[in-house]
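Okay, thanks for coming, everyone.

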Amino acid sequence: MTKEVPAHIQRHRIGRASAALPEEAAVKFTDAQAAAMRPVSIEMLNKRGVCGLHLKVIADAAGVSVGTARDALNIADTIGLIAIQRQLRGFYDMRSRSPEWLVALRELQERTEHRRS
């Protein structure tokens with residue numbers, strides 16, 4: 001008898017894998033926090049290392065609470081993955097401080113696109 005995994009846990013697992021966090025950084029995040037880093041990582045890929053998403057948008061995209069998303073951003077800032085320039089009523093201006101992370105994200109994106117072709 002197999003137990004079905006709830007949808008929110010599946011989103012967290014997918015989010016963790018697709019955030020492509022560096023190994024030393026990944027251990028600092030819970031599954032939900034790593035999932036919150038996924039929309040940030042996608043935005044950073046699309047905007048060349050810059051993300052300006054609202055905290056609620058990040059939380060909704062990851063399927064986590066606003067508090068969990070905020071915690072994930074604070075951890076990422078503390079460990080040097082991103083730099084938070086300013087925060088104004090939920091808006092965060094973030095920049096990548098880890099070139100290795102962006103390289104890993106690009107490689108993951110290329111592998112994903114290659115599988116789809």
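Let's start with Gln33, which sits in helix H3, residues 31–46. By helix I mean a DSSP run of H or I with at least four residues, by strand a run of E with at least two, and both are numbered from the N terminus. Before I go on, this is a predicted model: local features need pLDDT of at least 70, side-chain atom pairs count only at pLDDT 80 or more, and totals for chains, interfaces and linings use all residues. Residues are numbered from 1 along each chain as its sequence is written, and side-chain values use heavy atoms, with hydrogens and water left out.

Back to Gln33. Is it buried or exposed? Gln33 counts as buried, because its relative accessibility is 11%. The cut-offs are these: buried is under 20% relative accessible area, exposed is over 50%, and partly exposed is in between, using a 1.4 Å probe and protein chains only. And what does Gln33 touch, once we skip residues up to four places away in sequence? The list is Lys28, Thr68, Asp71, Ala72 and Ile75, where a contact means heavy atoms within 4.5 Å.

Next along is Ala34, also in helix H3. Ala34 is buried, because its relative accessible area is 0%.

Now zoom out for a second. The chain has 6 helices and 3 strands, and from the N terminus on the order is α-α-α-β-α-α-β-β-α. There are 117 residues, of which 42% count as buried. If you take the contacts with a separation of 6 or more, 50% of them come from residues 24 or more positions apart.

Let's stay with H3 and see how it packs. H3 and helix H4, residues 55–62, meet at an angle of about 115 degrees, and their axes are 8 Å apart. Those axes are lines fitted to C-alpha atoms over the stretch in contact, and the angle runs from 0 to 180 degrees between N-to-C directions. Which residues make that contact? From H3 we have Ala35, Ala36, Pro39 and Val40, and from H4 we have Ile58, Ala61 and Ala62. Sorted by class, that is 7 nonpolar residues, no polar ones and no charged ones. For the classes, Ala, Val, Leu, Ile, Met, Phe, Trp, Tyr, Cys and Pro are nonpolar, Asp, Glu, Lys and Arg are charged, and the others, Gly among them, are polar.

In soluble globular proteins, nonpolar side chains tend to be buried together. Here, the largest nonpolar core has 33 residues, and those with the most contacts inside it are Met37, Val40, Leu73, Met94 and Trp101. A nonpolar core, by the way, is a set of buried Ala, Val, Leu, Ile, Met, Phe, Trp, Tyr and Cys residues joined through side-chain atoms within 4.5 Å. Several elements each supply at least two residues of this core, among them helix H5 (66–78), strand E2 (82–88), strand E3 (91–96) and helix H6 (99–116). Which element gives the most? H3 does, with 8 residues. Take Val40: leaving aside neighbours within four places in sequence, Val40 is in contact with Cys51, Ile58, Leu73, Met94 and Trp101.

On to charges. Side chains of opposite charge can pair when their charged atoms come close. How many salt bridges does the structure hold? It holds 3, counting a side-chain nitrogen of Lys or Arg within 4 Å of a carboxyl oxygen of Asp or Glu.

One of them joins Asp60 and Lys56, whose closest N and O atoms are 3.5 Å apart. Both lie in helix H4, 4 residues apart, about one turn of the helix. Asp60 is exposed at 52%, while Lys56 is partly exposed at 46%.

Then there's Arg97 with Asp77, at 3.7 Å between the closest N and O atoms. This pair links distant parts of the chain, with Arg97 in the loop between E3 and H6 and Asp77 in helix H5, 20 residues apart. Arg97 is partly exposed at 44%, and Asp77 is partly exposed at 27%.

And there's Arg95 with Asp93, at 3.9 Å between the closest N and O atoms. Arg95 is partly exposed at 35%, whereas Asp93 is buried at 16%.

Last stop: Arg48, in the loop between H3 and strand E1 (50–51). Arg48 has a positive phi of about 55 degrees although it isn't a glycine. Arg48 counts as exposed because its relative accessible area is 76%. That's my tour, thanks!
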